[in-house]
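The stops below are given in the order in which to select them.

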Amino acid sequence: MQAFKCERCGAPLEVSPETIIAICPYCGYPNHISGSIDTEHIYIAPSLKKDAIYQAFMKRVEKDMDLRRLKDDIQVVEIEGHYVPYWRGRVSLTGEVKYMKRETECHTVTDSEGNTREECHTVERHYHEFIDRTMYLMGSARRQVTDFGINDIIEHYKKNSPKLKPLKDLNEDEWQKIKLEILNTEIDEQQAKMLMKEDAVDVVREEYKAKSDEIEYFRCEPSEPEDVRLVLLPIWTVYYKYGNSIFKVAFSGWDGKDVAATEPMTALRRAMYIGGIIMGIVIGGVGAAAISSGAAILPLIAGAGLAYYSGSKVLAGTRIER
Ligand SMILES: [Zn+2]
């Protein structure tokens, strides 16, 4: 394969066959490799320093009842930060839906002797509604979403959005202050827009499926996505050793919030280990609910993946929490 070099500083770039854009780790310059992407649409959330993440980790240990007890035996092995690319955009939807819902209807009946009783039966009600709404969608710009914390950070972003800076406005000096390795973007702007449109329609369809017994007519047209941005979000992972195992905690790099963790299982946690498996499944549900409230996720596999992950981690003697 051909060797790629940064157009601005000449540094070697790590490029895979799927790379759309490779941002130079040395100077921060976005190098186009393949596919479509507008440099104007690339934004970055500047990261905190490694030291701040270490402090956030120690605070977390202090605050956690289980971890505090293990504090003296916990040893930080590695602290690693990345910028991870996400696509974000806004889609407007218009259309109409006709659906049927079975509902229970009750009324009071009075017989000839003056006694009253309640009589209930099921009725099929038909509804006709118009769709006219706007939705934000966000999802990883990478093909594999297996990396630790990658989907958890989306949830955090929705609640605590960072201040974003256009990447093109960053000069080399500024980049030096906030630089971290940047994971390559593998989904280009065209593909991202297509996914946003599909996902937005799916979100609406799922909502009507959930609240009806039968959808009789469904028409929903997405607009071209607007305000489309490639957002580089900093994620830090702290690896620490306890006993003979390595555990990890993922932090949001713009505000130092812990977003995902695997942790040693103490006696108390071991007693709750079934709970861990159930929690994973519940989180899947919460993810879907959050989507319908406005800000959605492109790859909707996050919840299912976590349930599996939680289950497997419990078996390995660790717990996972958010
Ligand atoms: Zn460069």
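Start with Asp-227, which is exposed because 10 other C-beta atoms lie within 10 Å; the cut-offs are 12 or fewer for exposed, 20 or more for buried and partly exposed in between, counting other C-beta atoms within 10 Å of the residue's own, all placed from the backbone. Its phi is near 55°, a positive value in a residue other than glycine. Most residues other than glycine have a negative phi. Asp-227 is found in strand β11 (residues 226–242); strands (E, at least two residues) and helices (H or I, at least four) are DSSP runs numbered from the N terminus.

This is a predicted model, in which local features need pLDDT of at least 70 and side-chain atom pairs count only at pLDDT 80 or more, while totals for chains, interfaces and linings use all residues. Residues are numbered from 1 along each chain as its sequence is written.

Stay on β11 and select Leu-232 and Leu-233. Which residues touch the most other members of the largest nonpolar core? Leu-232 and Leu-233 do, in a core of 51 residues; β11 gives the most to this core, with eight residues. A nonpolar core here is a set of buried Ala, Val, Leu, Ile, Met, Phe, Trp, Tyr and Cys residues joined through C-beta atoms within 7 Å.

Next, show the contacts of Leu-232 (two residues are in contact if their C-beta atoms, placed from the backbone, lie within 7 Å). Leaving aside neighbours within four places in sequence, Leu-232 contacts Tyr-43, Ile-44, Ala-45, Tyr-83, Pro-85 and Ile-182.

Move to helix α5, residues 189–211. Its 23 residues should span 33 Å at 1.5 Å a residue, and the end C-alpha atoms are 33 Å apart, which agrees; the expected span is 1.5 Å times one less than the number of residues. The buried residues of α5 include Met-196, Asp-199, Ala-200 and Val-203.

Now select Phe-130 in strand β7 (residues 116–140). Phe-130 counts as exposed because it has 10 C-beta neighbours inside 10 Å.

Finally, colour by pLDDT, the predictor's confidence in each residue from 0 to 100. Confidence is highest in strand β10 (residues 214–222), at a mean of 97, and lowest in helix α8 (residues 302–315), at 40. Over residues 274–322 the pLDDT is below 50, and this stretch has 83 contacts in the model beyond near neighbours in sequence.
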